[in-house]
Amino acid sequence: GISVRDFAGALAWYEQLLGGPPAFFPNDTEAVWGLAEHRWLYVELRPDHAGHALTTLFVDDLDARVAGIAERGLEPATRETYDNGVRKITYLDPEGNEIGFGGAPT
């Protein structure tokens, strides 16, 4: 889960990052996106914890994911390639939470 101070602002940003609206709202302070079967990401209004998330999601086609996010107007904060060839692309939400997407070597 990702804690935020500005729930409405976070909804807009994560919709842009993830390519669509949440799958559901379990209550008035949480939004949940379905990323794949049995894989969920949620944003929650928790002002005291906001801005400290470090999340990495591994995806099958990292290049396609990053291209889609760029088409929606977001650019990564960092791009890394590790010694084993694994790549990680990190985005920062407006509150400083880090959301990374990782992928196997191409």
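Two strands are taken to pair if DSSP finds at least two bridges between them, and the elements named below are DSSP runs numbered from the N terminus, helices being H or I over at least four residues and strands being E over at least two. The model is predicted, and local features need pLDDT of at least 70, side-chain atom pairs count only at pLDDT 80 or more, while totals for chains, interfaces and linings use all residues. Residues are numbered from 1 along each chain as its sequence is written, and side-chain values use heavy atoms, with hydrogens and water left out.

**View 1. The sheet of β1, β4, β3 and β2.** Four strands make an open sheet in the order β1-β4-β3-β2, and their pairing is mixed. At its edges stand β1 (2-4) and β2, each with a single partner strand, so one side of each has no neighbour in the sheet. From one strand to the next the twist averages 25°, where axes are lines fitted to C-alpha atoms (for helices over the stretch in contact) and angles run from 0 to 180 degrees between N-to-C directions. Helix α1 (residues 7-18) packs on this sheet and touches β1, β2, β3 and β4, with its direction at about 10° to that of β3; contact here means heavy atoms within 4.5 Å.

**View 2. Two hairpins that share β3.** Strand β2 (residues 24-27) runs antiparallel to β3 (residues 30-36) and is joined to it by two bridges, and the hairpin that they form has two residues between the strands. Within this pair, Phe24 has Val32 of β3 as its bridge partner. On to β4 (residues 39-45), β3 is joined by six bridges, again in an antiparallel run, and Trp33 is partnered by Leu41 of β4. The hairpin of β3 and β4 also has two residues between its strands, and there His38 takes a positive phi near 65°.

View 3. Four bridges pair β6 with β7 in the antiparallel sense, and Glu80 has Lys88 of β7 as its bridge partner.

**View 4. The largest pocket.** About 230 Å³ of space lies in this pocket. On a 1 Å grid over the protein atoms alone, a pocket is an open set of points where a 1.4 Å probe fits, with protein on both sides within 12 Å along at least five of seven lines, and lining residues have an atom within 4 Å of a point; the points are joined across faces, edges and corners, and the volume is the space filled by probe spheres set on them. The lining consists of Leu35, Ala36, Arg39, Trp40, Leu57, Phe58, Val59, Asp60 and Arg65. The elements that give two or more residues to it are β3, β4 and β5 (54-58).

View 5. The side chains of Arg5 and Glu95 meet in a salt bridge at 3.4 Å, N to O, the term standing for a side-chain nitrogen of Lys or Arg within 4 Å of a carboxyl oxygen of Asp or Glu. Since Arg5 lies in the loop between β1 and α1, and Glu95 in the loop between β7 (87-92) and β8 (98-103), the pair ties together parts that are 90 residues apart in sequence.
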